[in-house]
Amino acid sequence: MKRLWAVFTKKRIAHELDDELRTHIDLLAADFQKQGMSPEEARLAARRGMGNLAGMKEEYRDARGSPKLEILLQNIRYAARVLRKNPAFTAVAVFALALGIGANTAVFSMTDVLLLRPLQMANLDRVVNVLATTPGQRPMTAISPGDFADLREQSRTLEHLSVWYDRGDDMTGGIEPQKVASIRVSREFFDALGAQPMMGRLFHAAPDYSGLPHVAVLSFRFWQTAFGGDPGVVGRTVRLSGEPYEIAGVMGKDFKYPPVAQIWIPLALTRDDRARYDAMFLTAVGTLRPGATVEQATAELSVIARGIAQRHPANHERRGAIVKLLNDNISGADVRPIMTMLTSAVGFVLLLAAVNVANLQLARVSLRTREIALRFAVGASRWRIVSQFLTESVVLSLIGAGAGVGLAFWATGMLRPMMPPELWKHIPGWERLGLNGNVLLFAMAVGMAAGILAGVVPALFASRTNLDEALREGGRGASGGARRHRVRNVFVAAQMVLAMVLLVGAVMTVKELRLGIEPAPNLDAAHALTMRVTLPQAKYPDDARRRVFAQQVLERASAIPGVQAVALVRDLPYTDYQDTESMVVAGQAFVRDTIEVEYQAVTPRYFEAMRLPIVAGRAFGEGDSEKGAPAAIVSESFAHRVFGNEDAIGRQIRVAPGETASPWLTIVGIAGNVRNRPGRIDFPNVVYRPMRQAPMSSFCLLLRASDPAGMSAAARAAIHSVDAALPVYEVMILEKVFRVKTSPMRLIASLMSSFGVLALLLSSVGVYSIMAHSVSERRREIGVRVAMGAERRQVVWMFLRHGLWLAGIGMALGLPAAYGLARVLEGLLLGVRASDVGMFALAILVITSSAALASWSAARRAAGIDPVATLREE
Amino acid sequence: MNERKTAVLLGSLDLMVLKTLEGLGPLHGYGIARRIEQVSEGALYLNQGTIYPALVRLEQKGWISTEWGISENNRRARFYSITQKGRKHLAEEADHWAFAAAIVSRVLEGKA
């Protein structure tokens, strides 16, 4: 600080020194005058007596001023000059660093919005979730009303403890009937989050457990989409599942908790509710009291939870509680490992870029021996040389960071639309993906770090330049040599190792993700339209009424001109509502393990409409009605897993054996495999039931047609002709359903593959530049060889051999490293094996051929060398 | 070289400045320079300007302190005085110097 200050006070210091010197000269002159000189003579003599004032002042400034900062400024000016003078070197280095830093900045901007700041609310450092823990399992957010009542009453570390759950309602009343995510929230919910409405009021004044007002608060986005941002919306009445609610207010744009929320309404917990400890469906959120920490709150709530567990051992055995900051808990548990993977992969890319630039700089050191020697000769210290080279490296890297920020801006712009808006509610923060202050700071910091990383080795080598030798060599710089060459080769090999590891990692992840991307082959999802309805309990209280509704919708939809096949299905693949059940098989006396199955209810033409083949037995028919024998169709994977080589047709199974009403089912057919959840590699066990035997209250309509988009109005009308008040939602082409659901996987796959491509690109640039440098260093030798009659081919081969040799070493070292990574990934991924030889062969082939290509194009320059010209250079 | 004026020995200037300040109390630059020349009875040739960088060095090491005052010709001048730390350093260095000088002269006498 003192030194920094000194820079700004440099003028004042100089001024003071001048004052001091003037006094001195005057006094000296006065002395001389006393000795008998004339005033003029005395003045001149006094000046002479002071010696070389300019030199002295320089020394004075060095001693007093701020040598460090000034040296830094000088270094930067010098670095700028050096970089300008070597545009090719500068361009390659900046290019490599910009790629590395840009990729890292883009990934960091994802981390920033997804993990660091998924929500944008005021008191995020105080808002917490209470999670229930069970030994051996992930903490869960679900607690029972009884838990909530006890925690709220007994906790001293948390205030405004509240709960919410997402019930989901049909909304009607002056708007298009639709399904809304209606969040029931207890009284202090908005206080816990410190939230204020943008418009109107909240309903926290309502008493907690009785006499609930029918009021609702809208989310900003829902207000925009469903009400067109109508400023007069407050005071309007809408119906939620038939009940009237008055709209009390609209929340601001940034209030997104829970992220799925479209509307918030009061939660009624009666005295009876509060005595229930068996239904865990509430999420608890509260605020730390002033002075309390997350650790203290966890400690306190664990004690309270232990008390609850003792009082209610039936459903709370070994259950505990922990407290987590809302901000840390909001992003799904699956986001963190993915971000860790992406961050490490992209870190490797940066490392590769840094090694690349280190190597370029190392090559430059040998070209600059004369310059370095001269600087030593005029008295520069080793430290000064080191600092000069480090400064150059950091300046390069910061320019790279600047370009990288541009790249990251472009990349985040590309990435943002890769996650469709339908998914935003699951990944809060994503829509804010882009550059911000945090991200820019990160880019700067990474730039500095990369600069230092890439500059340290070259700087040390530069500072070891042997003065005598360098000057004798005439700066041709073939010397200094062996060690530096070895290090350069090591660097090239290291780049190959990094590239190898990255490529194998990228290939594995991309393979894995591609495996799970389609539910099944040849579904022809582009020609299928889907929409969902949910029958309200009040209007459709029994199976008979649901059957009638389903039958009528099927008939009317089938009558739409152009429709090829129509079916109803409980859950389409890749939608949100998958459920698993346990199952037993008749004749197996002892059930070793209960088998988990995915349970589907479909109408007869489902397999035709979905293009799922029936591989054995038959599809459902009109005979599989409520009067027929209970029938089931199972998936191939089911048949194979449960019955092995035995015939599954005719066997009997029972789904949900715990329930007395569950009948024995006879297997009548086997359907082709289908994946119901995206990202699952193995096919699940699926049991299909005829919908007439297992009526559903919520299902999808599936229409196959050559122009599915043109069908949507007619299909809606068909449903509304049966029940005009029923919301029809999630109207989408099936292909889009799949695309939306798999977009995170595709995003990750494209990121990982671009890191692989970057790795390849950077390592090729590394090989090329090192070979090109080697060619120019050995010009004279090549000239002699050519003069002695060496052929072009031989010269090219000489360099090509060197490049291949380096690639070979890189592969030899990279293979075990990549195999190690593959073993780690094997544990994380389901569909790929580390023993996949083809994958390694591919990586080796790609890296070796790119190294060969790079060396060859550098070597061609060697072949073009004119021996006469090089010998004349002497 | 028949004139026996010699340039200041490297490193000895600091010591001489400290010694001067210890003996005479606060002085300005000119006073210090003149005193050193007087004491050496003109045997020492001093570019008087060179004492200023030396003064800055000493100040930064904390061996001397400065304050602004008025010189005998009524000009603004900086006055230097030795600090406690400076006295200690001077004592140590003076011992060291004497020791080194004794060795050098013993060697020279022995060989001559």
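Student: First up, is A:Phe620 buried or exposed?

Tutor: Keep in mind that this is a predicted model. A:Phe620 has a relative accessible area of 5%, under the 20% cut-off, so A:Phe620 is buried.

Student: And what about A:Phe607, buried or exposed?

Tutor: A:Phe607 comes out at 3% relative accessibility, so that residue counts as buried.

Student: How many aromatic pairs are there over all chains?

Tutor: The count comes to 19 aromatic pairs over all chains. One of them joins A:Tyr606 and A:Phe607: the ring centres are 5.5 Å apart and the planes sit at 70°, so that pair is edge-to-face. A:Tyr606 and A:Phe607 are both buried.

Student: What sort of pair do A:Phe607 and A:Phe620 form?

Tutor: A tilted one, with 6.3 Å centre to centre and 50° between the planes.

Student: Which parts of chain A does that pair tie together?

Tutor: A:Phe607 is in helix H22 (residues 606-610), while A:Phe620 is in the loop between strand E18 (614-617) and strand E19 (631-635), so the pair links parts 13 residues apart in sequence.

Student: Which residues form one aromatic cluster?

Tutor: That cluster is made of A:Trp164, A:Phe189, A:Phe190, A:Phe255, A:Tyr257 and A:Trp264.

Student: Switching to helices. At what angle do H21 and H24 of chain A pack?

Tutor: Helix H21 (residues 543-558) and helix H24 (residues 712-722) of chain A pack at about 140°, and their axes are 9 Å apart. The crossing of H21(A) past H24(A) is right-handed.

Student: Which residues meet there?

Tutor: From H21(A) you have A:Phe549, A:Gln552, A:Val553, A:Arg556 and A:Ala557, and they meet A:Ala718, A:Ile719, A:Ser721 and A:Val722 of H24(A). By class, that contact has six nonpolar residues, two polar and one charged.

Student: Why is helix H7 of chain A described as largely enclosed by the rest of the structure?

Tutor: Seven of the 10 residues of H7 (residues 145-154) in chain A are buried, so the helix is largely enclosed. The buried ones are A:Pro145, A:Gly146, A:Asp147, A:Phe148, A:Ala149, A:Asp150 and A:Leu151.

Student: Last topic, charges over rings. What sits over the ring of A:Phe89?

Tutor: The charged end of A:Arg364, at 5.2 Å from the ring centre.

Student: And which residue lies over the face of B:Trp68?

Tutor: B:Arg76 does, 3.9 Å from the ring centre.

Definitions and conventions
Residues are numbered from 1 along each chain as its sequence is written. Chains are lettered from A and ligands numbered from 1 in the order in which they are written. This is a predicted model: local features need pLDDT of at least 70, side-chain atom pairs count only at pLDDT 80 or more; totals for chains, interfaces and linings use all residues. Side-chain values use heavy atoms; hydrogens and water are left out. Buried means under 20% relative accessible area, exposed over 50%, partly exposed in between (1.4 Å probe, protein chains only). Helices (H or I, at least four residues) and strands (E, at least two) are DSSP runs, numbered from the N terminus. Axes are lines fitted to C-alpha atoms, for helices over the stretch in contact, and angles run from 0 to 180 degrees between N-to-C directions. A crossing is left-handed if the near helix is turned anticlockwise from the far one by less than a right angle, and right-handed if clockwise. Contact means heavy atoms within 4.5 Å. Ala, Val, Leu, Ile, Met, Phe, Trp, Tyr, Cys and Pro count as nonpolar, Asp, Glu, Lys and Arg as charged, and the others, Gly among them, as polar. Rings of Phe, Tyr and Trp (its six-membered ring) pair if their centres lie within 6.5 Å; planes under 30 degrees apart count as stacked, over 60 as edge-to-face and the rest as tilted. A charge sits over a ring if NZ of Lys or CZ of Arg is within 6 Å of the ring centre and within 35 degrees of the ring normal.
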